[in-house]
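Dear colleague,

Please open it first, and then read my notes with the picture beside you.

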Amino acid sequence: MSGSDNPYAGSFGNQMTASASFGGQPAPKAAAADDLIKETTTATFSRDVLEASRQQPVLVDFWAPWCGPCKQLTPVIEKVVTEAAGRVKLVKMNIDDHPSIAGQLGIQSIPAVIAFVGGRPVDGFMGAVPESQIKQFIDRIAGPAVSDGKAEIEAALTDARALLDGGEAEEAAGLYGAVLQAEPDNATAVAGMVDCMIALGQLAEARQALSELPEELAKDAAIGAVSKKLDQIEEARKLGDPTALEHQLALDPDDHAARLKLAKIRNVEGDRNAAAEHLLLIMKRDRSFEDDGARRELLGFFEVWGPKDPATIAARRKLSSILFS
């Protein structure tokens, strides 16, 4: 069963996976089996699964004493979870004694394993699958195991960014979380995790995560960029209706205040080229507007977009032609 098949699946809850690592305390490289594997009940399900999954992915194994395949799966999944050394937890639920949760999730056959992340079910599988498939499943949920090796961490960060840029924020968060397990103060991973929150619309949680960072970590350029991105989004929400601003500009193309607002809105909508063109047009017509405010705003866009972004490269070239013509 995939997340799309599950009516309870959705975005992360109020805290992102591995956000506990933001406090700067190293996550353990390994954990005792007793900490990683436990039984739960209907009464303790919220604490053992929903709350726990806000810190790291939790696999819930729905089983029953009479189920033969369950007995085949148990030693295999426990072995794989133990070897994962803290990347995920395993919580087991006897559906004979506690049937209600399985019923709510629409589970009709066992064994069934459902992965919870951020307080919500995101993926799962049924049946006594082989060890290799369980490992692949955990890699998909928690991200591949990341060692202290610089090359592996860099590869994970590259993959996470590609996922995030491709609109797969939850999957990217899993990879960033894996990096933070190995390096809790990795600024790129912290910034990426906050960027995932922003992509999922969790702006308040993103702001809170940034506010809790150690002072030195908060000074990193990557974190500064994502903080500025959040500022831009929050500001753009207060600037009015873009359609009304377009109408104002149709009536008066030299309404630079309306054009500046529209540029800010187009930026957070993701139309970077349009945002840059509005600011460049203001510069061409009136460099004195708001004390060269259009140029300063464009430089702020570049900081968030990054120097290698095609929109940055194109707009910087046009900016140079205006400044030095």
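What follows is a walk through the structure, from the overall picture to single residues.

Please keep in mind throughout that this is a predicted model. The protein has 16 helices and five strands, and buried residues make up 50% of its 325 residues. If you take the contacts with a separation of 6 or more, residues 24 or more positions apart account for 68% of them.

The five strands form an open sheet in the order 1-3-2-4-5, and the pairing in it is mixed. Strand 1 (37–39) and strand 5 (120–126) stand at the edges with a single partner strand each, so one side of each is left without a neighbour in the sheet. From one strand to the next, the twist averages 25°. As background, the strands of a sheet pair through backbone hydrogen bonds, and they do so either parallel or antiparallel.

For Asp-61, the bridge partner in strand 4 is Val-113.

Is strand 2 enclosed or open to the outside? Six of the six residues of this strand (residues 58–63) are buried, so strand 2 is largely enclosed by the rest of the structure. Both of its faces are covered, with Val-58, Val-60 and Phe-62 buried on one side and Leu-59, Asp-61 and Trp-63 buried on the other. Helix 3, for its part, lies across strand 1, strand 2, strand 3, strand 4 and strand 5, and it runs at about 160° to strand 3.

**Helix 8**

The next element to look at is helix 8, which covers residues 187–199. At 1.5 Å a residue, its 13 residues should span 18 Å, and the C-alpha atoms at its ends are 18 Å apart, which agrees. At the N-terminal end, helix 8 is capped by Asn-186, which has a side-chain oxygen 3.1 Å from the backbone nitrogen of Thr-188. After the helix comes Gly-201, whose phi is positive, near 80°.

Helix 8 is mostly covered, as eleven of its 13 residues are buried; among them are Val-190, Met-193, Asp-195, Cys-196 and Ile-198. Which helices do the buried residues of helix 8 pack against? They pack against helix 6 (150–165), helix 7 (169–182), helix 9 (203–211), helix 10 (215–218) and helix 11 (221–236).

**Some single residues**

Ala-142 belongs to helix 5 (residues 131–142). Its relative accessibility is 7%, below the 20% cut-off, and therefore Ala-142 counts as buried. Leaving aside residues up to four places away in sequence, Ala-142 touches Pro-57, Arg-87, Val-88, Gly-174 and Ala-178. Ala-142 and Gly-177 are 35 residues apart in sequence, and their C-alpha atoms are 7.4 Å apart in space.

Pro-111 is found in the loop between helix 4 (100–104) and strand 4. The peptide bond that leads from Ile-110 to Pro-111 is cis, with omega near 0°.

Finally, please look at the loop between helix 14 (272–285) and helix 15 (293–305), where Glu-290 is placed. Glu-290 is a residue other than glycine, and its phi has a positive value, near 50°. Asp-292 lies in the loop between helix 14 and helix 15 as well, and although Asp-292 is not a glycine, it has a positive phi of about 65°. Are these residues buried or partly exposed? Glu-290 counts as partly exposed because its relative accessibility is 47%, whereas Asp-292, at 13% relative accessibility, counts as buried.

With kind regards

Definitions and conventions: Residues are numbered from 1 along each chain as its sequence is written. This is a predicted model: local features need pLDDT of at least 70, side-chain atom pairs count only at pLDDT 80 or more; totals for chains, interfaces and linings use all residues. Side-chain values use heavy atoms; hydrogens and water are left out. Helices (H or I, at least four residues) and strands (E, at least two) are DSSP runs, numbered from the N terminus. The expected span of a helix is 1.5 Å times one less than its number of residues. Buried means under 20% relative accessible area, exposed over 50%, partly exposed in between (1.4 Å probe, protein chains only). Contact means heavy atoms within 4.5 Å. A polar contact is a pair of N or O atoms within 3.5 Å; within protein, one must be able to donate a hydrogen and the other to accept it, and residues adjacent in sequence count only if both atoms are side-chain atoms. Two strands pair if DSSP finds at least two bridges between them. Axes are lines fitted to C-alpha atoms, for helices over the stretch in contact, and angles run from 0 to 180 degrees between N-to-C directions.
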